[in-house]
Amino acid sequence: PYFVYRPPDLPVDKPVPLVIFLHGYVPGTARTDPYLVSDFVLRLADRAKCILVIPHGRTNTDFQYAGEVDVMRVKAEMLAFYPVDPDRVYLLGVSMGGAGAWQVACHYPDHFAATAPINGQADWFRFWHQNFGYPAREELPDHLNYLIALNNPLDLASNLKNLYSYSQQALTCFVGIEHTRAMVRQLKATGAPFETFEDPSDMGHYIYWQPDCWERAFEHLADKQRFATPASV
C-alpha cells in the first residue's frame with residue numbers, strides 16, 4: 001500500500017514532478033495506521049505543483065530488501081497511472097527514510113533526479129556499533145561484511161557521481177553528524193553534485209518536525225532533472 005497526494009490545481013496538459021517520501025521508524029506503523037505527513041508538507045506539494053507519494057515499505061525494513069522493492073514498485077505504478085515526468089522523480093526521506101533515501105538512490109541512481117536525506121544514517125556499520133554496541137566492522141565475519149556493504153550508502157557513494165543529493169543533518173542528532181560528513185567526503189572524492197546543511201537547531205534528530213527543514217528540501221529539489229546520458233558512471 002501507499003498514500004498519494006495530488007494537488008487539486010495540477011496542470012492537466014503536461015507531466016509533473018513526483019516526490020517519493022520515505023518515512024521514519026515508528027514501532028506501530030501498519031497498513032491500518034500508516035506514517036503520513038502534516039498538512040504543511042501537502043501545502044509544499046501544492047506550491048511545488050508536484051505529486052507526493054508515501055510507500056509503506058513493509059513497515060520498518062530500513063527500506064532494504066522487501067522495503068526497497070516496494071519503493072521501486074510504487075515508482076513504477078506512479079509512472080504508469082499518473083502524469084509523472086520520469087526526469088523529475090525525487091527521493092526525500094527522514095530518519096530511517098533518510099537512510100533509505102541514500103541507499104535507494106545509490107542502488108538506482110539512473111531512476112531519480114535527486115535525493116534529499118534528512119538525519120539518515122549513511123554507514124550501517126558505524127550506526128549499529130556506536131548506537132547499539134554491535135561489533136565494529138573489522139570484527140565482523142566476512143559474510144556479514146559483504147551483506148551489510150551491499151546496502152551501505154558509504155560503500156556505494158561513488159554511484160551518486162551523476163545524481164544530485166541535498167542532505168540535512170542535525171548537529172545534535174543521536175544518529176551522529178559523522179554519518180553525513182563521511183558521506184560528503186566520499187561524494188567530494190567522487191566528484192558528485194551535492195549540497196549539505198548542518199542544522200544547529202535544538203530539535204536534534206527531530207528537525208523534520210519543523211517547517212523550515214521541509215522547505216529547504218523542496219527548494220533544493222525543485223529544479224533538478226534526471227541526468228540520463230552521463231559521460232561515465
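Residues are numbered from 1 along each chain as its sequence is written. Because the model is predicted, local features need pLDDT of at least 70 and side-chain atom pairs count only at pLDDT 80 or more, while totals for chains, interfaces and linings use all residues, and side-chain values use heavy atoms, with hydrogens and water left out.

**View 1. Phe-21 and Trp-214 form a tilted aromatic pair.** Rings of Phe, Tyr and Trp (its six-membered ring) pair if their centres lie within 6.5 Å, with planes under 30 degrees apart counted as stacked, over 60 as edge-to-face and the rest as tilted; the count by this rule is 10 aromatic pairs. For Phe-21 and Trp-214 the centres are 5.3 Å apart and the planes stand at 50°. This pair links distant parts of the chain, 193 residues apart, with Phe-21 in strand E2 (residues 16–22) and Trp-214 in helix H8 (residues 211–221); helices (H or I, at least four residues) and strands (E, at least two) are DSSP runs numbered from the N terminus. Phe-21 is buried at a relative accessible area of 1%, and Trp-214 is buried at 6%, where buried means under 20% relative accessible area, exposed over 50% and partly exposed in between (1.4 Å probe, protein chains only).

**View 2. Asn-145 lies in helix H5 (residues 142–149).** Asn-145 is buried, with a relative accessible area of 18%, and, leaving aside neighbours within four places in sequence, is in contact with Phe-125, Arg-137 and Leu-140, contact meaning heavy atoms within 4.5 Å. The charged end of Arg-137 sits over the ring of Phe-125, 3.9 Å from its centre (the criterion being NZ of Lys or CZ of Arg within 6 Å of the ring centre and within 35 degrees of the ring normal).

View 3. A salt bridge is a side-chain nitrogen of Lys or Arg within 4 Å of a carboxyl oxygen of Asp or Glu, and the structure holds 12 of them. Arg-43 is partly exposed at 39% relative accessible area, whereas Asp-46 is buried at 18%.

**View 4. Asp-87 forms a salt bridge with Arg-226.** The closest N and O atoms are 2.9 Å apart. The pair links distant parts of the chain, with Asp-87 in strand E4 (residues 84–94) and Arg-226 in the segment after H8, 139 residues apart.
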